[in-house]
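Subject: Structure handover and notes

Hello,

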Amino acid sequence: MESIGVLMACPMNSYLEQQLENRFKLFRFWTVPDKPSFLASHKDSIQAVVGNAFAGADAKLIEALPKLEIVASFSVGLDKIDLAKCTEKGIRVTNTPDVLTEDVADLAIGLMLAVLRKLCESDRFVRSGKWKSGQYVLTTKFTGKRVGIIGLGRIGMAIAKRAEAFSCPISYYSRTEKPEIKYKYYPSVVELAANCDILVVACALTTETHHIINREVIDALGRKGVLINIGRGPHVDEPELVSALVEHRLGGAGLDVFENEPEVPEELLGLDNVVLLPHVGSGTVETRQAMADLVIGNLEAHFLKKPLLTPVV
């Protein structure tokens, strides 16, 4: 397989990069200064693209690579891949589901605790020496809070299971009700927000879910409500979120993702009711290696004419 050209869209993971280099003819796209000339020169040798949550394969890239056979995403999300164009051209697409579910769900619970119990602010309180001058303010209990989840897929279910251990009543919104699920279903995000204390975004990013968190939803969640986003940044209308937090129309937020990463709205940086993370939902050594192994496994399966491990298209 050493002659098969694989285009890695951006820096992702050193282990994955090494494994790709060991098996294929690896091209690091982010190091290329003149990308159009590079694609014109290598269009007949690149047969695979490896992308992630930050860079994938849009229609322009797909059209520039006539020999492209497969796009393997080092992520569960597919919003950086033009699935319609891949389907049209018979290009296979894979992602990395399941292996990152537990880490992302763990982080969602961590964000809930961090926001409600002000863990980050408490840490800064101790480090700054302020504890010597008096006790820290009282915070808010997590156990028993009503948790609403947008998107009850693998990650949403894992979050629900964990929240139940804290005696949290669970409700959800999804495109259709799931009769086999015992949790309370709401037919709209606004109704869900109005009936929970913590609203978690755990759905896939699609045209329909872009800005699914808007002013109406934020206002329904209310002054004591908390928003947790471990999905994708564009799920949230960021200017509306910022204004709601600044104006205290929303109680708090725990954000692992942002609309224009790595850019974060300046106003959020000074707020003590917000916990900000640099898109690290699946960011553990163990999970990133498992994701990398899945990417490699899918590529090898494709070029050996075997069934894909986690096919999308």
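This is a predicted model: local features need pLDDT of at least 70, side-chain atom pairs count only at pLDDT 80 or more; totals for chains, interfaces and linings use all residues.

Residues are numbered from 1 along each chain as its sequence is written, and side-chain values use heavy atoms, with hydrogens and water left out.

Domains

The chain is assigned domain 1 (5-95 + 286-304) and domain 2 (100-276); such bounds come from an automatic or database domain assignment. Taken over C-alpha atoms, the centres of the two domains are 32 Å apart. Contact (heavy atoms within 4.5 Å) involves 8 residues of domain 1 and 5 residues of domain 2. The buried area between domain 1 and domain 2 is about 600 Å², with 58% of it from carbon and sulfur atoms. Buried area here is the accessible area (1.4 Å probe) that two parts lose on being put together, summed over both. On the domain 1 side, V76, D79 and T287 supply 64% of the area buried against domain 2, more than any other three residues.

There is 1 salt bridge between the domains, a salt bridge being a side-chain nitrogen of Lys or Arg within 4 Å of a carboxyl oxygen of Asp or Glu. D79 forms a salt bridge with R232, and their closest N and O atoms are 3.1 Å apart.

Salt bridges

The structure as a whole holds 18 salt bridges. In one of them, D197 pairs with R146, with the closest N and O atoms 3.1 Å apart. D197 lies in the loop between α8 (189-194) and β9, and R146 in the loop between α6 (119-127) and β6 (147-150), so the pair ties together parts that are 51 residues apart in sequence. Helices (H or I, at least four residues) and strands (E, at least two) are DSSP runs, numbered from the N terminus. D197 is partly exposed at 22% relative accessible area, and R146 is partly exposed at 34%. For these classes, buried means under 20% relative accessible area, exposed over 50%, and partly exposed in between (1.4 Å probe, protein chains only).

R215, D219, E240, E247 and R249 are linked in a network of salt bridges. Within it, D219 forms a salt bridge with R249, the closest N and O atoms being 2.7 Å apart. This pair links distant parts of the chain, with D219 in helix α9 and R249 in the loop between α10 (238-246) and β11, 30 residues apart. E247 and R249 also meet in a salt bridge through their side chains (2.8 Å, N to O). R249 is buried, with a relative accessible area of 16%, whereas D219 is partly exposed at 38% and E247 is partly exposed at 45%.

Single residues

N298 lies in helix α12 and is buried, with a relative accessible area of 0%. A polar atom of the N298 side chain lies 2.8 Å from the backbone nitrogen of L309. Leaving aside neighbours within four places in sequence, N298 is in contact with I70, T94, N95, L308, L309 and T310.

Some backbone details may be worth a look. The peptide bond from E261 to P262 is cis, with omega near 5 degrees, and P262 lies in the loop between β11 (252-255) and α11 (266-269). S167 is not a glycine but has a positive phi of about 60 degrees; S167 sits in the loop between α7 (154-164) and β7 (170-173) and is exposed, with a relative accessible area of 52%. H211, also a residue other than glycine, has a positive phi near 55 degrees. H211 is in the loop between β9 (198-201) and α9 (215-221) and is partly exposed at 24% relative accessibility.

Regards

Technical notes:
A polar contact is a pair of N or O atoms within 3.5 Å; within protein, one must be able to donate a hydrogen and the other to accept it, and residues adjacent in sequence count only if both atoms are side-chain atoms.
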